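Please keep the sequence and the model in view while reading.

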Amino acid sequence: MIIPSPAVFTGALQDQRFTLPAPGVLANATAPTGFTVRVHNYSQPTAACAAVAVSDNGALDVQPSLRFVGDCSFLFFVLDQEGALTTAIAVVVIGEGQHTLCSLLAAMCVGSVPIQGPFAT
């Protein structure tokens with residue numbers, strides 16, 4: 001089985017949950033014809049950049065850490081039907097997004113209202 005590493009995912013924005021549906025991190029995985037692969041396990045990023053969740057079908061959910069912008073990497077482990085385990089690196093590129101009152105005051109969030117004026121960054 002071959003998994004290009006690092007697998008790079010773009011489209012995540014600062015302070016906003018990012019979801020990539022299946023096959024997600026497995027999108028570029030190649031295996032012999034007829035083999036199935038699944039995500040066996042994954043690690044959290046070593047930097048405090050985000051919390052990640054990866055389903056066995058490869059779907060990816062990323063919650064960037066507050067105000068983080070940059071590359072966020074983590075390991076994931078892929079298992080094929082014969083028990084071969086492969087380790088790969090995923091990199092989620094988190095870009096600058098529009099800050100919202102909701103993202104900055106999440107505990108009191110009712111709706112998403114863009115910040116305007118002198119407090120906008």
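## A facing pair of residues

In this predicted model, Phe 18 stands opposite Val 62, a residue of strand β5. The strands β2 and β5 pair in the antiparallel sense, over 3 bridges.

## The three-stranded sheet

Strands β2, β5 and β4 form an open sheet of 3 strands in the order β2-β5-β4, and their pairing is antiparallel. The edges are held by β2 (18-20) and β4, each of which pairs on one side only. Direction ignored, neighbouring strands of this sheet are turned by 10 degrees against each other on average. In general, the strands of a sheet pair through backbone hydrogen bonds, either parallel or antiparallel.

How many salt bridges does the count give? The count comes to 1 salt bridge. Its partners are Arg 17 and Asp 61, whose closest N and O atoms are 2.3 Å apart. Arg 17 belongs to the loop between β1 and β2, whereas Asp 61 is in strand β5, so the pair ties together parts that lie 44 residues apart in sequence. With a relative accessible area of 22%, Asp 61 is partly exposed.

## The nonpolar core

The largest nonpolar core has 22 residues, of which Val 25, Leu 60, Val 62, Phe 74, Phe 76 and Val 92 touch the most other members. Two or more residues of this core come from each of β1, β4, β5 (60-64), β6 (70-80) and β7 (85-95).

Which residues does Leu 60 touch, not counting those up to four places away in sequence? Among them are Phe 9, Phe 18, Val 25, Ala 53, Phe 74 and Val 92.

## Strand β1 and Val 8

Val 8 lies in strand β1, which covers residues 7-13. Leaving aside neighbours within four places in sequence, Val 8 is in contact with Val 91 and Val 93. The C-alpha atom of Val 8 is separated by 9.3 Å from that of Asp 71, although the two residues are 63 residues apart along the chain.

## Confidence in the model

The pLDDT of the chain averages 82, and 79% of the residues score at least 70. Where pLDDT is low, the predicted coordinates should not be read in detail.

Technical notes: Residues are numbered from 1 along each chain as its sequence is written. This is a predicted model: local features need pLDDT of at least 70, side-chain atom pairs count only at pLDDT 80 or more; totals for chains, interfaces and linings use all residues. Side-chain values use heavy atoms; hydrogens and water are left out. pLDDT is the predictor's confidence in each residue, from 0 to 100. Helices (H or I, at least four residues) and strands (E, at least two) are DSSP runs, numbered from the N terminus. Contact means heavy atoms within 4.5 Å. A nonpolar core is a set of buried Ala, Val, Leu, Ile, Met, Phe, Trp, Tyr and Cys residues joined through side-chain atoms within 4.5 Å. Buried means under 20% relative accessible area, exposed over 50%, partly exposed in between (1.4 Å probe, protein chains only). Two strands pair if DSSP finds at least two bridges between them. Axes are lines fitted to C-alpha atoms, for helices over the stretch in contact, and angles run from 0 to 180 degrees between N-to-C directions. A salt bridge is a side-chain nitrogen of Lys or Arg within 4 Å of a carboxyl oxygen of Asp or Glu.
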